[in-house]
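Hi everyone, thanks for coming along. Please have a look at the structure on the screen, and I'll walk you through a few places in it.

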Amino acid sequence: MLSGKYPEETNHWLPYFYSPQESPIFFKTLNKIGAVFPLDRLPSLRNLAVGQTRRFILKQGVHINNVPFHIIDKVTLYPYYYMHELPFFHELKEQLQKKCQTSLTHIGPPKTRKHLYRSLLKYIRASNHEKELVIAYEDALDGLGHKFGPYSPECLHYAKSLDRVLLEVYQKLAKCFGKNLTFFVFSDHGQCEQTNNLNLLSELDKKTLNLGDDYLCILDATLALFWAKNKDVEEKILEVLGKIRIGKVIDERLQKKYHIRFDDKRYGEIIFVLNPGGTLFPNFFSSFGTMRGLHGYLPEDDVQKGLLISDKKSLYVPRHVRDIRNFIVNVFSQET
Ligand SMILES: [Zn+2]
């Protein structure tokens, strides 16, 4: 969304990837601890151990707290998670400055979560940039959807209050800036109510495929990446995945369609994704319960779709989530 490019163009897709040589010392140390204390047999304790250790050592990055200790040193995580921490944010900042003499500011978590819109208005009132794109990032609605489900009373109640707050913010800003204001509301995904779980590791266990010895994998909640020891194992994994009716393997044709053909195999030799409503559980993020709402399915699934609302027309019509950046830059360029 921020880069304006497809994943294969930036070699950047998921927040985790296979790269033992780049694995942080933190993970290498945990791997050694896991060899001494067999915490892999006690997933809840493992989850706590990784989560708590991470709090002290790694402040940023995605919280992948339930990776088995014996393969944890094979996974690498990007040391960033939030929008403004990504390299594409800084790149967009430079481009906006250079092309449209526009500043870029981010307001939101982890620094500002409470009183987000009050902070936004306060910031805008005090800012003296002539042209500025201020992104207020809101993650509370997503969090409620994960916890209670996207159609839960908790989620709907918050969505309605968010709608009111956004209208209020818009009216206040429009009063102040008149036609000099451009207002966008956008998201990069939707969310789906959870209906079924799949224990993928146990399906592979049944075929005597051993994690760590025969293959490596990263199990996300809706997506799984695999690296097989040899062709034989690869075929066996594909056979197991092929029998699962609630998901599909992203084969070469689909990889081309979704622009996820990478130079190396850092995002998996085999990529498997669940149909909407499914959860891979347990997964490498958590061993505590399942979430009520999830995203991370195929882009044409309705539940996965994001939104873009704007008070300005643009010559550029966004058709893909990556177009949001191009849409924004286009709106600012038109005004220059
Ligand atoms: Zn989410």
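Let's start with isoleucine 260: setting aside neighbours within four places in sequence, which residues is isoleucine 260 in contact with? They are Pro7, Glu8, Trp13, Gln255 and Tyr267. Contact here means that the C-beta atoms of two residues, placed from the backbone, lie within 7 Å. Before I go on, please keep in mind that this is a predicted model, where local features need pLDDT of at least 70 and side-chain atom pairs count only at pLDDT 80 or more, while totals for chains, interfaces and linings use all residues. Residue numbers start from 1 along each chain, as its sequence is written.

Back to our isoleucine. Isoleucine 260 sits in the loop that links helix 10 (252-257) with strand 11 (270-274). Helices (H or I, at least four residues) and strands (E, at least two) are DSSP runs, numbered from the N terminus. From isoleucine 260 to tyrosine 6 the distance is 254 residues in sequence, but 7.6 Å in space, C-alpha to C-alpha.

Now follow the chain into strand 11. Four of the five residues of strand 11 are buried, so the strand is largely enclosed by the rest of the structure. For pairing, DSSP has to find at least two bridges between two strands.

How many bridges join strand 10 to strand 11? Three, and these two strands run antiparallel. In this pair, valine 249 stands opposite phenylalanine 272 in strand 11. Strand 9 (residues 223-228) is joined to strand 11 by four bridges, again antiparallel. There, phenylalanine 226 stands opposite isoleucine 270 in strand 11.

Let's step back to the whole chain. The domain assignment gives domain 1 (7-81 + 195-289) and domain 2 (100-192 + 304-335), with bounds that come from an automatic or database assignment. The C-alpha centres of the two domains lie 32 Å apart.

Next, a pair of helices. The axes of helix 5 (residues 116-126) and helix 7 (residues 153-177) come within 11 Å and cross at roughly 10°. That angle makes helix 5 roughly parallel to helix 7. Angles under 35 degrees count as roughly parallel, over 145 as roughly antiparallel, 65 to 115 as roughly perpendicular and the rest as oblique. The axes are lines fitted to C-alpha atoms, for helices over the stretch in contact, and angles run from 0 to 180 degrees between N-to-C directions.

Who meets whom there? Tyr117, Leu120, Leu121 and Ile124 in helix 5 meet Val165, Val169, Lys172 and Leu173 in helix 7. The residues of this contact divide into seven nonpolar, no polar and one charged. Helix 5 also holds arginine 118, which is exposed, with 12 other C-beta atoms within 10 Å. Arginine 118 and valine 249 are 131 residues apart in sequence and 45 Å apart in space, C-alpha to C-alpha.

Finally, some backbone details. Most residues other than glycine have a negative phi, and most peptide bonds are trans. Where are the cis bonds here, then? Another joins phenylalanine 281 and proline 282, with omega about 0°.

As for phi, glutamine 101 has a positive value of about 45° although it is not a glycine. Glutamine 101 lies in the loop between helix 4 (87-100) and strand 3, and is exposed, with 12 other C-beta atoms within 10 Å. Threonine 208, also not a glycine, has a positive phi of about 55°. With 8 C-beta neighbours inside 10 Å, threonine 208 counts as exposed too.

How values were computed. Nonpolar A, V, L, I, M, F, W, Y, C, P; charged D, E, K, R; others polar. Buried ≥ 20, exposed ≤ 12 C-beta atoms within 10 Å, placed from the backbone.
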